[in-house]
Amino acid sequence: MSAAMDTESTYSGYSHYSGHSKKAHRQGRDRHKSPRSKDGSRSEKSVTIQTPPAEPLLGNDASRAEEGQDDNWGETTTAITGTSEHSISQEDIARISKDLEDSVGLDCKRYLGLTVAAVLGLLVFLTPIAFILLPQILWRDDLEPCGTVCEGLFISVAFKLLILLIGTWALFFRQPKADLPRVFVFRALLLVLIFLFVFSYWLFYGVRILDSKDTNYQGIVQYAVSLVDALLFIHYLAIVLLELRQLQPMFTVKVVRSTDGESRYYSLGHLSIQRAALVVLENYYKDFTVYNPALLTASKSRAAKHMAGLKVYNVDGPGNNASGQSRAMIAAAARRRDSSHNELYYEEADHERRVKKRRARLVVAVEEAFTHIKRLQAEEQQKAPGEMMDPREAAQAIFPSMARALQKYLRTTRQQQYHSMESILQHLSFCITNNMTPKAFLERYLNPGPTLQYDRDRWFSKQWTLVSEEAVTSGLQDGIVFVLKCLDFSLVVNVKKIPFIKLSEEFIDPKSHKFVLRLQSETSV
C-alpha cells in the first residue's frame, strides 16, 4: 500500500503542461518559474487561447496544479500550444453562448409539445367516461332502464380504456432521445386527427343527446363504446405510421467522417431526413472509433516542416513582385515532394516498430501484475483477515508495476487524453472484481474503441447541426446528401436507394448429373 501511495503521489506531481519535445518542456518549465514570463511576450510554443479581457483564462499556480491533478496522471496531458490546430477564440465563445440560448429554446419547445400531447391524451380518456356519466348526473330519473346489457358494455369500455392507456404510454410517452429541429410530421398529423375526431364526437353528443336529453341510456353507452373502438383503431394506425413503416430497408446510406475518412454503411427505411440523421448519430457513437485529433497532426506538421525548410532570396531588389516568390516556393515544394514519400515510409515504419515494442512491454507488465492477485475463497478469508484487500485496494497495489509501460504506450499511440489515472484504476478494479484476464483488461487500451466507451466529458461531439438542401421533414430520396456538423468535424451522409432485384428460377433435373472420364495417352491409369 505504501508503494501504491508513493507512486500515486509521484504521478500527481507531474506538471500540467507537456510539450512535444524535451526542449519545449524545459522552456515551458522555466517560463512558469520566472516572474518575467507573466508580462513578457510568448514564444511559438505559448498558449494561443483567446478569451475576453474580463475573464482571464488561467488562474494562479495552485488552481492550475489542482486541475492537472484531477484529470491527468503522469505525462499524459497534451497542452494546446501554438502548433495545435485547436484553439478557442471570441467567435467560438460567442457561438457557444448562442448554442446555449438555442438549447433553452429547444427545451421550451420540447416541454410545450409534451404538454399539448398530455392534455390531449387526458381529454381522450375522460371523454368516454363523461359520455356515460353526464346523463346519470343531469337527467337520471328520465333514463330508461338498461340492465345487464349496459353492465356488460361498462366492462368492455373499462378494459378497452385500460388497453388503450397502456398502448398510448408505450408508444407516445417515452423518454426523448434527441431534440429534432422540426416536428415529427406523422405524430403531429395523428394529434390533429385525434383532436378533430374527439371534437366531432363531442359536437354530435352535445347536439343529439345533451340538448334533447335522450332517454335511451343503452344507446348512449353504445355511443361511448363506439368512440373507444375508434380510438383503438387510431392507435393501430399510429403503430403502423410511427413504428412499422420504417422497418423495411429501402435506402443505403454511406457515412463518412470528414477528418480521417472513416466510413460506415447503414440500411434505413422510409424516414425523414432529420430522423435519418438521428439514426446515423445513434450508430455513430457505437460504430465509429473515437475522434482523436492528435492522429491528424502528423501529416500537417510534416508538410509545415517541408515548407519551413524552403528559403527564397530576392535578387532583384525590394521592388520585385511577391508572386514570383510564391511560384518559386511552389516549384521547390514540388521538387521536394519526390522524396517526401520516402520520409513518410520510414516515419510510419519507425512508429509501428515503437508501437509494437511498447505494446509487448505493456502486455508483459500487465500479465506479471495480475499474477500477484488471487481471489480468496470463503474458508481462506477467515485464516488471514489482515491480508485481505477489496478490489480498489488490489488495483492500487498492482497499478504501479504497470503504470510506466501503460503510460508510454498511450503516449506513443496518442490516446493519453482519453484515459485518466482514475478511469484506469476504476477499470482495473472492475476487471479484478469480475475475474477478468489481463487480455480483457488491455482490450480497452490496445485498440481505440467507440465514443460510448469513454467518459462523456472527453467527447468531441455532443451538439450537432444538420445541414441539408432539402427540407429536413421531407423523406429520404435517392441521391440526397446531408451533413451533420459538430465543433471539430462533420459527418457527410450520402443516400442511395436499394435497387430493385429481379430473381428468376431455373430447375435442374437431378438425373442430369452424369459424367464421363476422359483419359489421355500420357496418364498412368
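Helix 11 meets helix 13 through Met402, Leu406, Tyr409 and Leu410 on one side and Phe441, Tyr445 and Leu446 on the other. Contact here means heavy atoms within 4.5 Å. Helices are DSSP runs (H or I, at least four residues), numbered from the N terminus. The contact residues divide into seven nonpolar, no polar and no charged. Nonpolar covers Ala, Val, Leu, Ile, Met, Phe, Trp, Tyr, Cys and Pro; charged covers Asp, Glu, Lys and Arg; the others, Gly among them, are polar.

The model is predicted: local features need pLDDT of at least 70, side-chain atom pairs count only at pLDDT 80 or more, and totals for chains, interfaces and linings use all residues. Residues are numbered from 1 along each chain as its sequence is written, and side-chain values use heavy atoms, with hydrogens and water left out.

Helix 11 (residues 391-412) and helix 13 (residues 438-446) pack at about 30°, with axes 11 Å apart. Axes are lines fitted to C-alpha atoms, for helices over the stretch in contact, and angles run from 0 to 180 degrees between N-to-C directions. The two helices are therefore roughly parallel, a label for angles under 35 degrees.

The second largest pocket has a volume of about 1,500 Å³. Of its 46 lining residues, Phe172, Arg174, Pro176, Phe184 and Arg187 are closest to its centre. A pocket is an open set of points on a 1 Å grid where a 1.4 Å probe fits, with protein on both sides within 12 Å along at least five of seven lines; lining residues have an atom within 4 Å of a point. Volume is the space filled by probe spheres set on the points. Helix 4 gives the largest share of the lining, 13 residues. By class, the lining holds 29 nonpolar, seven polar and ten charged residues.

Two loop residues have a positive phi without being glycine. Lys213, at about 50°, is found between helix 6 and helix 7. Asn435, at about 55°, is in the loop between helix 12 (421-433) and helix 13.

Methods. Angles under 35 degrees count as roughly parallel, over 145 as roughly antiparallel, 65 to 115 as roughly perpendicular and the rest as oblique.
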